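Welcome! Have a look at the sequence and the 3D structure below, and then read on for a short tour.

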Amino acid sequence: MQLTFLGTRAHIEAANRRHRRHSAALVHRDGARVMLDCGADWRERVHTLKPDAIVLTHGHPDHAFGLRDGAPCPVFATDATWSTINGFPIRERRPLPQRKPVALAGLTVEAFPVEHSTRCPAVGLRISADDTTFFYAPDVAYIPDRASALKGAAVYVGDGSSLETSHVRKQGARLVGHAPVRQQLTWCEKSGVPRAYFTHCGTEIVTGDERKLRPHLEKLAGERGVQARLAYDGLSVEIG
Ligand SMILES: [Zn+2]
Ligand SMILES: [Zn+2]
């Protein structure tokens, strides 16, 4: 199973050569291609990309608004996400149940609720094929059932909004926003996930100097026994 980061930019104004387009990824396996998220930047490109299926993590514009003109393939999303993008002219709408694995283009995909937004409830995607698993959570403040979500995962793909500054706040009993990379690396350490990539890069990364950020990330990761990298648009990695 191969994972290509199509886009790695958060919902921010800033962009650069490495982080030009909204966070999205393509999972390849045996010739099938499944796209994860389809933000506004992908509105035209998704029709030339023509994946076999699209799975959405949530309904925020940088994850779902590339489907405003419809989709060239079936789209899988939770009920909450479907209600956010109800007006989009998508013909092949498929449910994405939570905590129930679905078979999809040769992959097994299980959606885990993650705390991130109360208006656009988000899920993280636990994706498996050929006895290998990775977890994809581009926008995450907290993973309630982290033990099950990350169990045995070879790779964690997380939220690169910031390295150490927390953008998490409380809204009632929920947490909303974005967990810092440091926190997510601790989740990996606790669950024994050996490798992590960070997408959905925020202003700290996109307007910062990656030559300085890289050793900072490696230090945070190394302290936790994890290998970590910042993803960039076009990066392709073998999972497993
Ligand atoms: Zn986002
Ligand atoms: Zn979001």
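In this predicted model, the unreviewed UniProt entry places the feature "domain: Metallo-beta-lactamase" at residues 21–200. UniProt positions follow the numbering used here, feature names are shortened, and annotations may be inferred rather than shown by experiment. The end C-alpha atoms of residues 21–200 lie 9 Å apart, and the span is 17% helix and 36% strand. Helices (H or I, at least four residues) and strands (E, at least two) are DSSP runs, numbered from the N terminus.

A word on conventions: residues are numbered from 1 along each chain as its sequence is written, while chains are lettered from A and ligands numbered from 1 in the order in which they are written. Local features need pLDDT of at least 70 and side-chain atom pairs count only at pLDDT 80 or more, whereas totals for chains, interfaces and linings use all residues; side-chain values use heavy atoms, leaving out hydrogens and water.

Which residues hold the metals? The table lists the protein donors, meaning N, O and S atoms within 2.8 Å of the metal (3.2 Å for Na, K and Ca); water is not among the atoms, so sites may look incomplete.

| Metal | Protein donors | Distance |
|---|---|---|
| zinc ion (ligand 1) | Asp-62 (OD), His-63 (NE2), Asp-139 (OD), His-200 (NE2) | 2.1 to 2.3 Å |
| zinc ion (ligand 2) | His-58 (NE2), His-60 (ND1), His-116 (NE2), Asp-139 (OD) | 2.1 to 2.3 Å |

Asp-139 bridges the zinc ion (ligand 1) and the zinc ion (ligand 2), which lie 3.5 Å apart. Along the chain, the donors of the zinc ion (ligand 1) are spaced D-H-x75-D-x60-H, and those of the zinc ion (ligand 2) follow H-x1-H-x55-H-x22-D. His-60 lies in the loop between strand E4 (53–55) and helix H2 (61–64), and Asp-139 in the loop between E10 and helix H4 (146–150), so the pair ties together parts that are 79 residues apart in sequence.

The four donor atoms around the zinc ion (ligand 1) subtend angles of 88 to 171 degrees, which makes the arrangement irregular. The site of the zinc ion (ligand 2) is irregular too, with angles of 91 to 165 degrees. Four donors count as tetrahedral if all angles lie between 85 and 135 degrees; four count as square planar and six as octahedral if opposite donors are over 155 degrees apart and all others between 65 and 115; anything else is irregular.

An open sheet of seven strands runs in the order E7-E8-E9-E10-E11-E14-E15, with mixed pairing. Strand E7 (102–104) and strand E15 (227–230) stand at the edges with a single partner strand each, so one side of each is left without a neighbour in the sheet. Two strands pair if DSSP finds at least two bridges between them. Within the sheet, five bridges join the antiparallel strands E9 (residues 122–129) and E10 (residues 132–136), and Ala-129 has Thr-132 as its bridge partner in E10.

Helix H5 (residues 181–191) packs on the sheet, touching strand E11 (155–159), strand E14 (195–199) and E15. Here contact means heavy atoms within 4.5 Å. Helix H7 (residues 210–222) also packs on the sheet, touching E14 and E15.

Note on methods: Axes are lines fitted to C-alpha atoms, for helices over the stretch in contact, and angles run from 0 to 180 degrees between N-to-C directions.
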